[in-house]
Amino acid sequence: MYFNIGQQIEVELAKIEATLQHAKGAGVLIEMDSNSRSESWHDSTTKASGRDLEQFIISKQLHIMK
């Protein structure tokens, strides 16, 4: 998945949500360029969009693989 840097993060998170709903609980691997900065994925800083993505990942019980 590619997250457009000019798009609101909520719109992009809805794409992941739709993918998870389509998978209906089956295992799914999502690869992405989120254009979201976070120390969680080894960036030097965390910005608001990165924090929002972190919270989404936690709320959906997803895992970050680096």
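Here are some notes on this predicted model, point by point.

1. **Ground rules.** Because this is a predicted model, local features need pLDDT of at least 70 and side-chain atom pairs count only at pLDDT 80 or more, while totals for chains, interfaces and linings use all residues. Residues are numbered from 1 along each chain as its sequence is written, and side-chain values use heavy atoms, with hydrogens and water left out.

2. **Helix α1.** Start with α1, which has 15 residues. From its first C-alpha to its last it reaches 21 Å, close to the 21 Å expected at 1.5 Å a residue. (That expected span is 1.5 Å times one less than the number of residues. Helices are DSSP runs of H or I with at least four residues, strands are runs of E with at least two, and both are numbered from the N terminus.)

3. **Which side of α1 is buried?** The buried residues here are Ile9, Glu12, Leu13, Ile16 and Leu20. (Buried means under 20% relative accessible area, exposed means over 50%, and partly exposed is in between, using a 1.4 Å probe and protein chains only.) Look down the axis of α1 and these buried residues fall within an arc of 100°, so they line one face of the helix. The arc is taken from the directions that run from the helix axis to the C-beta atoms. On the face turned away from the buried side you'll find the exposed residues Gln21 and His22.

4. **Salt bridges.** How many salt bridges does the structure hold? There are 3. (To count, a side-chain nitrogen of Lys or Arg must be within 4 Å of a carboxyl oxygen of Asp or Glu.) The background idea is that side chains of opposite charge can pair when their charged atoms come close.

5. **Glu12 and Lys15.** Glu12 counts as buried because its relative accessibility is 2%, whereas Lys15, at 37%, counts as partly exposed. If you want another distance to check by eye, the C-alpha atoms of Glu12 and Asn35 are separated by 11 Å, and the two are 23 residues apart along the chain.

6. **Lys60 and Glu17.** Another salt bridge pairs Lys60 with Glu17, and here the closest N and O atoms are 2.8 Å apart. This pair links distant parts of the chain: Lys60 is in the segment after α2, Glu17 is in helix α1, and 43 residues separate them. Lys60 is partly exposed at 34% relative accessible area, and Glu17 is partly exposed at 22%.

7. **Asp43 and Arg37.** The side chains of Asp43 and Arg37 also meet in a salt bridge, at 2.9 Å from N to O. Asp43 counts as partly exposed because its relative accessibility is 23%; Arg37 is partly exposed as well, at 35%.

8. **Positive phi angles.** Most residues other than glycine have a negative phi, and most peptide bonds are trans. With that in mind, have a look at His42, whose phi is near 65°, a positive value in a residue other than glycine. His42 is in the loop between α1 and α2, and at 63% relative accessibility it counts as exposed. Gln61 has a positive phi too, near 55°. Gln61 lies in the segment after α2 and is exposed, at 67% relative accessibility.

9. **The largest pocket.** Last stop: the largest pocket has a volume of about 640 Å³. Of the 23 residues lining this pocket, the closest to its centre are Ile30, Met32, His63, Ile64 and Met65. The elements that give two or more residues to the lining are α1 (9–23) and α2 (48–59). (On a 1 Å grid over the protein atoms alone, a cavity is a set of points where a 1.4 Å probe fits but cannot get out; a pocket is an open set with protein on both sides within 12 Å along at least five of seven lines, and lining residues have an atom within 4 Å of a point. Grid points are joined across faces, edges and corners, and the volume is the space filled by probe spheres set on the points.)

10. **What lines the pocket.** By class, the lining has 15 nonpolar, 5 polar and 3 charged residues. (Ala, Val, Leu, Ile, Met, Phe, Trp, Tyr, Cys and Pro count as nonpolar, Asp, Glu, Lys and Arg as charged, and the others, Gly among them, as polar.)
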